[in-house]
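Have the model open as you read.

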Amino acid sequence: MAALMDTRILLRKIKDLRSLTPRRNRVKTKWAGSLPKYPATNLALQNFDATYKLQLGEQWPSVRVSLLCEQKYGALSNNFSDNEGVIAHLQSQGCRDIVSCALDVGTRGMAASSHDKPTSIESITVSPDMPTVSLSPNIKCLVFPRRDVSRFKPSRPDAHGLLGYYLMDAASILPVLALDVQEGQSVLDLCAAPGGKALVLLQTQAIRFLHLNDISWGETERDTFDRVLVDVPCTTDRHSVKEEENNIFSRVRTKEKQKLPQLQLELLLAGIKAVRPGGLVVYSTCSLSQLQNEYVTERAVHLAREELGISLQVADLRPLTQLFQDTFNFAPDPYLGQLVLPHLTANFGPIYMCKLQRLN
Amino acid sequence: MSFLPGWHVLRWTLRSATCTVLSRRQNIPQQPVMSTCRLYCSTDRRTNQPSLSPKQLQPGRDLSLQALLDMGFTDAQADQILEQANRSRGSKIENAASMLMTLFVLGLNTSSVVKVLQKCPEVMYVNGTHLQQRIDNLRRLGLLEGSLQRVVSHYPPILTLPLKRVNMVARFFREKCAFTVQQVTEILRDSPAVLQTDLGQLEYKFQYAYFRIGVRQPEMVKSKLFRVTLDEVRCRHSFLERRGLYQTPDKKGQTCIINPKLNDFLNVPEETFLNDIAKATQEEFEVFQKLMAKEWQEEDDEQERDTGADSDDDDDDEEEEEEEDLKSGYSKRK
Ligand SMILES: C[S@@+](CC[C@H](N)C(=O)[O-])C[C@H]1O[C@@H](n2cnc3c(N)ncnc32)[C@H](O)[C@@H]1O
């Protein structure tokens, strides 16, 4: 292929064309040539092309285009606000609550465990050989249907200044649901800022004590919590291919990026130490990277046993993900944990989660 | 044969088109009479060999049903043409006869003429002389027998465009986009609608292909780039690019992956594009198109905000824009 000519030749007066042409179609004075030479987003893409093509094979192109396109949001209903009208309005626009849909999927055709008194947790047995899944019906997250690319309007405060809903990646409620919080439990959110998943946790209205932590984790409270969420810093894949600002692939952050798996491992181990025997830890990231997902989890389980004497059991998340098949596009054969793969028809994620139960 | 003065269009050279003239509704003879006349085209203005019957060629006469039947139209076709002609409120109706004859001379048969008028009723009102000039001009631009008739049948509005416009677009392609004369002919042949497209849009599409897709003029022509809407071009290209299947070549023309040819992803039906090139589902592409439309809309809105109020007060003065800066160009590569 012949070399591209210098784009400067294109610098010309475009005034007369403007009124004829929709703005975006107007002759440009500059094409790609003027962009920074090594934008971090490009570096991220190169890195992902190299690693994810191997990891995801034929699925990678579909995931790649989804990462590069507008993501889909979910509207997490704020139970503490007066939002019935707002929610009804969203429903009239075609939104549906993915949690109640999942509950429907679960109860349909399956033997649902009966409840004598209403509680904040509903239990579902998906199939006879699968363990029971419990979902908090208090968590409501509304999304537009598959293939629908409508956007939510920003939520407006009610009479008391409370927002009716929060917009977030709908897939990020999954790690919280996986945490399976029961009435009256104590929960640690180890990497809480900016607080998205903490909000989801609060919606359950089941938590007796919620400890929110970020950055400085002193190892003071061992063997304490019923539930620990370890939502670690990661390569934030979607952000990294789209935004230059605060991009972990920028040259200056190379070291930090290289140290991520180590930091993630340390954080997960800290979470494992903080949970009580019998309690649950959910590890989650918003990256597709096996190095940051499966390998970290595997290594943590190994180190916990070898060095801390803590045995962990990896819980099966399929009963949970089966309930959300219609909403999310899960990676087909994960060998450890579950991964929501972005797809244009359901552009949520990526979200990785792995659930560990501490045995002793 | 008598030849009417002033109808200089009828300076034809012989060409091998035939026109079957069916006369019906005539008193005598009762049976339809078939007569064949040779038709001529006007590549050489000095030659003077008309051979159509004067009755058919008479320009000033009313466009009567009989005249149309004499020309070989069926009853239904004739009625249709008359109805159309009458809509023009009489004033220019005398053009119709000369216009029709010019089309016959071009080599179109009655049914093609009817189709032309159906597709583009405005042709009805084009003065015969102008029509002939426009046809001559298209020949001058390289549309030769066969191609010329196909273009006219396929895209009759081409006959309604002033010479000035047509030549300006041809010149734009040559001078601004560095297409060769031959390539311009091919563009006009394959995508005559460019003649009615805003030049700014054409240039944008060209630039998009040149800089973003990274293809040269011959490939643009081969893939019939100008037949595809800009949105479609960008959708298919961006879809491949975002899937990691297409890269803009660098300054040396190199890429890390092997790009599919523009011709293979643009000049094929969507199904082929999706199955063979993008390897994606139709569902994905459908959503992608919706998302792209939104992205572009937002780009527009953003630019709107950036450029502010001063941007919309310029008039569209094609001529001026044409004169200006035509010298800047793109390297020609064959
Ligand atoms: C993916 S974000 C958490 C998002 C949050 N869970 C939510 O849903 O909104 C990761 C967080 O880990 C925090 N972090 C980084 N290093 C940490 C450390 N050593 N200890 C605890 N938190 C840390 C970062 O400040 C960042 O806010």
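## The pocket and its ligand

In the second largest pocket, 42 residues make up the lining, and A:Ala193, A:Pro194, A:Asp231, A:Thr236 and A:Cys286 are the ones nearest its centre. Before going further, some housekeeping: this is a predicted model, in which local features need pLDDT of at least 70, side-chain atom pairs count only at pLDDT 80 or more, and totals for chains, interfaces and linings use all residues. Residues are numbered from 1 along each chain as its sequence is written, chains are lettered from A and ligands numbered from 1 in the order in which they are written, and side-chain values use heavy atoms, with hydrogens and water left out.

A pocket here is an open set of points on a 1 Å grid over the protein atoms alone, with protein on both sides within 12 Å along at least five of seven lines; a cavity is a set where a 1.4 Å probe fits but cannot get out, and lining residues have an atom within 4 Å of a point. The second largest pocket has a volume of about 1,200 Å³, volume being the space filled by probe spheres set on the points, which are joined across faces, edges and corners.

The largest share, five residues, comes from α9(A). (Helices are DSSP runs of H or I with at least four residues, strands are runs of E with at least two, and both are numbered from the N terminus.)

The ligand sits in the second largest pocket, in the sense that more than half of its atoms lie within 2 Å of the grid points. Two or more residues of the shell around the ligand come from each of α7 and α9 of chain A. That shell has 16 residues, with A:Ala193, A:Gly196, A:Asp214, A:Ile215 and A:Asp231 the closest; a residue counts if one of its heavy atoms lies within 4 Å.

On the polar side (N or O pairs within 3.5 Å), a backbone N or O atom of A:Cys191 is 2.9 Å from a ligand nitrogen. Taken alone, the ligand exposes 600 Å², and the protein buries 79% of that, by the Shrake-Rupley method with a 1.4 Å probe.

## The largest cavity

The structure also holds three cavities of 30 Å³ or more. About 60 Å³ of space lies in the largest cavity, whose 10 lining residues include A:Ser136, A:Val176, A:Leu177, A:Asp180 and A:Val181, the ones nearest its centre. β4 (132–135) and α6 (173–179) of chain A each supply at least two residues of that lining.

Most residues other than glycine have a negative phi, and most peptide bonds are trans. Here are some exceptions.

| Site | Feature | Angle |
|---|---|---|
| A:Ala193 to A:Pro194 | cis peptide bond | omega about 5 degrees |
| A:Gly349 to A:Pro350 | cis peptide bond | omega near 0 degrees |
| B:Lys224 | positive phi | phi near 55 degrees |
| B:Lys279 | positive phi | phi near 50 degrees |

A:Pro194, in the loop between β7 (185–189) and α7 of chain A, is also among the residues nearest the centre of the second largest pocket.

Technical notes: A polar contact is a pair of N or O atoms within 3.5 Å; within protein, one must be able to donate a hydrogen and the other to accept it, and residues adjacent in sequence count only if both atoms are side-chain atoms.
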